[in-house]
Amino acid sequence: MSDDTRTPRKQQEFEQGLGHSDKSIAAFTPHNRSFLQSTQHLLHGHPTMIPVIVLILSIIIFGALAGPKFFSPFNLSLIVQQVSIIGILAAAQSLVILTAGIDLSVGAIMVLMSVIMGQLAVTMGVPTPLAILIGFGGGALAGGMNGFLVTRIKLPPFIVTLGSWNIFFALNLWLSNAQSIRSQTLDEVAPLLKLFGETIAIGGARITYGSILMLAIFAVLWFILNHTAWGRHVYAIGDDKESAELSGIRTNRTLISVYILAGVVCAIGGWASIGRVGSVSPQSFQEANLQSITAVVIGGISLFGGRGSIAGPLIGALIVGVFNSGLRMVGVDVLWQLFAIGWLTIIAVAIDQWIRKVSS
C-alpha cells in the first residue's frame, strides 16, 4: 500500500489542545528609560565619574573665586602635598571598605609605626633601614590582628577596629612617653626617616617625595585590584561574601590578607608622615581615620562594598584639598570649611544609595 492511501493517524489529546494554542511569536516591549534612570545606570557602571566631575567643577569654581593665584604651580603642588598622607591612608581604607568592612584604626596604626621607627632608629640605635622594615612588619602584624578578629572570632569590623584604635593609640603614647622626636635630632641620627619630606622644584611647583609615593601606591593597588585574581576576589567578597564562598574563594584568607596589606600601607604612610611633619609626633593626625573615610566616600567607593575604583579615593582626597585651599583663599573660616566637607560627605553617601538601587 502506498503512503498516500494510509489512514490518517488519530491525534492524541495533548496534540488536540495544542491546535487551539496561540501561535504568535513572542515579542518584548522595549523599556524606555528616563534621563535620570539612564544617568543612574551610567553612574552605576562608572562610579568614579561623579568625583571626577566634582573635582573639575570645584577647580573651576574656586579658580574663578580666588583668581590666578589658585592656579599657580606652587598652590596646586601644595594641595597635593597637603593630601598626601590622607591619600595614603585612604588607599589602605579602600581595601577594607571594598570588602564591605571598615577600619577605624588606620590613623592609629600609621602614627604607632612612625613612633616605632623613630624610637628604634633614634633611641635604641637600630640602623634606620632596619627600623623602617620593622615598622612595616609591625603594620602587617597590626592589620593581621584586625583581620584575625574579624574572620576567626567573627566580630564586626567596626567594633574590632574601634577597639584596636584605642589599643594602638595607648601603645603609641606608652612607647613615646607622649614626647616627640625633634627634627634636629632626626637630621643628626636618622635623616632617612625624613626622606619623603624632601622636595623637587619644577618651575614654581614644589613636589615632595611623599606626593610621588602616594601616586605610586595608588598605581600599584590599581594594578593589583584590576589585573590579579586576588583583586577580583576582594570585589567578590564585598559584593556577596556567601556567593564568593560558594564559588570556591577562600574568603577568610583573602580578608586577612586585605587587613595585612592595609596595615603595611599604613606603615608606609607612617614613614611618609615623619617627612611631612618633620618630626616623630605621637599626637599628629588625630583626625586621620575620619578623613580617610571621607576621601573614600567622596571618591565613589561604596560603603557597602564590592563597587568602586581605587582611583576614586585619590580623587576624593584631592577634592578635599581643593575645597580647603579654595575656601581658605576666599577668606572662609576653618569652621565653615569643615561644614562644607561634612555636607559633601553626606551628599556623596546619598548619591551612592541612589546609584545602588539599580542593582536592587
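The points below proceed from the overall fold to a strand pair and then to a helix pair.

1. The model under review is predicted. The protein comprises 15 helices and two strands. Of its 360 residues, 46% are buried.

2. The strands are β1, residues 199-202, and β2, residues 205-208. They run antiparallel and are joined by four bridges. Two residues lie between β1 and β2, and the two strands form a hairpin. Ile 202 stands opposite Ala 205 of β2. In the turn, Gly 203 has a positive phi of about 65 degrees.

3. Helix α5 covers residues 106-123 and helix α12 covers residues 251-277. Their axes come within 7 Å and cross at roughly 60 degrees. Angles of 65 to 115 degrees count as roughly perpendicular and those under 35 degrees as roughly parallel; α5 and α12 are therefore oblique to each other. The crossing of these two helices is right-handed.

4. On the α5 side, the contact is made by Val 106, Ile 109, Met 110, Met 113, Ser 114 and Met 117. The α12 side contributes Gly 263, Cys 266, Ala 267, Gly 269, Gly 270, Trp 271, Ser 273 and Ile 274. Which classes of residue make up the contact of α5 with α12? Nine of the residues are nonpolar and five are polar, while no charged residues take part.

Conventions: Residues are numbered from 1 along each chain as its sequence is written. This is a predicted model: local features need pLDDT of at least 70, side-chain atom pairs count only at pLDDT 80 or more; totals for chains, interfaces and linings use all residues. Side-chain values use heavy atoms; hydrogens and water are left out. Two strands pair if DSSP finds at least two bridges between them. Axes are lines fitted to C-alpha atoms, for helices over the stretch in contact, and angles run from 0 to 180 degrees between N-to-C directions. Angles under 35 degrees count as roughly parallel, over 145 as roughly antiparallel, 65 to 115 as roughly perpendicular and the rest as oblique. A crossing is left-handed if the near helix is turned anticlockwise from the far one by less than a right angle, and right-handed if clockwise. Contact means heavy atoms within 4.5 Å. Ala, Val, Leu, Ile, Met, Phe, Trp, Tyr, Cys and Pro count as nonpolar, Asp, Glu, Lys and Arg as charged, and the others, Gly among them, as polar. Buried means under 20% relative accessible area, exposed over 50%, partly exposed in between (1.4 Å probe, protein chains only).
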